[in-house]
Amino acid sequence: MRVGVAYSDPNDRAWLKVDLPEGATVQQAIEQSGILKRFPDIDLDSQKVGIFGKFCKLDNPVQDGDRVEIYRPITVVDDDDDEDEDDDDD
């Protein structure tokens, strides 16, 4: 069966196809796709994964045509540094 493995970081993105035997798991798809070599910062111990936008575990079986996704952590930028907004020090 054939599945895709997708990942994106701020500078690059990839959607790699991989052929797997029946009964293969999300982790096997990720490992066999080669995406971990292309993006060495991926940490499967901390990053969430999913299939077609639904979270799942690494041992979840994949089906032909699935798109396995590796999600990056969400980062927040603090906007409290606005120097010119709402300064009523008159």
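This is a predicted model: local features need pLDDT of at least 70, side-chain atom pairs count only at pLDDT 80 or more; totals for chains, interfaces and linings use all residues.
1. Start with the strands. E1 (residues 2-8) runs parallel to E5 (residues 67-70), and three bridges join the two. If you want one spot to look at, find alanine 6, which sits opposite glutamate 69 in E5. E5 also pairs with E3 (residues 49-51), this time in the antiparallel sense and again over three bridges. Here you can look for valine 49, whose bridge partner in E5 is isoleucine 70.

2. Now to H1, which covers residues 26-33. Which of its residues are buried? They are Val26, Ala29, Ile30 and Ser33. These four span an arc of only 95° around the axis, so they end up on the same side of H1.

3. Leaving out residues up to four places away in sequence, isoleucine 30 touches Val5, Ile35, Leu36, Leu44, Val49, Leu58, Val68 and Ile70. The largest nonpolar core has 21 residues, and Ile30, Ile35 and Val62 are the ones that touch the most other members. As for where that core comes from, E1, E2, H1, E3 and E5 each put in at least two residues.

4. Serine 33 is the polar one to check, in helix H1. Is serine 33 buried or exposed? Its relative accessible area is 15%, and with the cut-off for buried at under 20%, serine 33 counts as buried because of that value. Beyond its neighbours within four places in sequence, serine 33 is in contact with Val5, Leu16 and Val18. The serine 33 side chain also reaches the backbone nitrogen of isoleucine 35, at 3.2 Å. Between those two residues, just after H1, comes glycine 34, with a positive phi of about 85°.

5. On to the aromatics: searching the whole structure turns up two pairs. In one of them, the ring centres of tyrosine 7 and phenylalanine 39 are 4.9 Å apart and the planes meet at 70°, so this is an edge-to-face pair. The two residues come from distant parts of the chain, 32 residues apart: tyrosine 7 is in strand E1, while phenylalanine 39 is in the loop between H2 and E3. Both partners are tucked away, tyrosine 7 being buried at 9% relative accessible area and phenylalanine 39 buried at 5%.

6. The other pair is phenylalanine 55 with tyrosine 71, and it is edge-to-face too, because the planes stand at 85°, with the ring centres 5.4 Å apart. Phenylalanine 55 is in strand E4 and tyrosine 71 is in the segment after E5, so this pair ties together parts 16 residues apart in sequence.

Methods
Residues are numbered from 1 along each chain as its sequence is written. Side-chain values use heavy atoms; hydrogens and water are left out. Buried means under 20% relative accessible area, exposed over 50%, partly exposed in between (1.4 Å probe, protein chains only). A polar contact is a pair of N or O atoms within 3.5 Å; within protein, one must be able to donate a hydrogen and the other to accept it, and residues adjacent in sequence count only if both atoms are side-chain atoms. Contact means heavy atoms within 4.5 Å. Two strands pair if DSSP finds at least two bridges between them. The arc is that of the directions from the helix axis to the C-beta atoms. A nonpolar core is a set of buried Ala, Val, Leu, Ile, Met, Phe, Trp, Tyr and Cys residues joined through side-chain atoms within 4.5 Å. Rings of Phe, Tyr and Trp (its six-membered ring) pair if their centres lie within 6.5 Å; planes under 30 degrees apart count as stacked, over 60 as edge-to-face and the rest as tilted.
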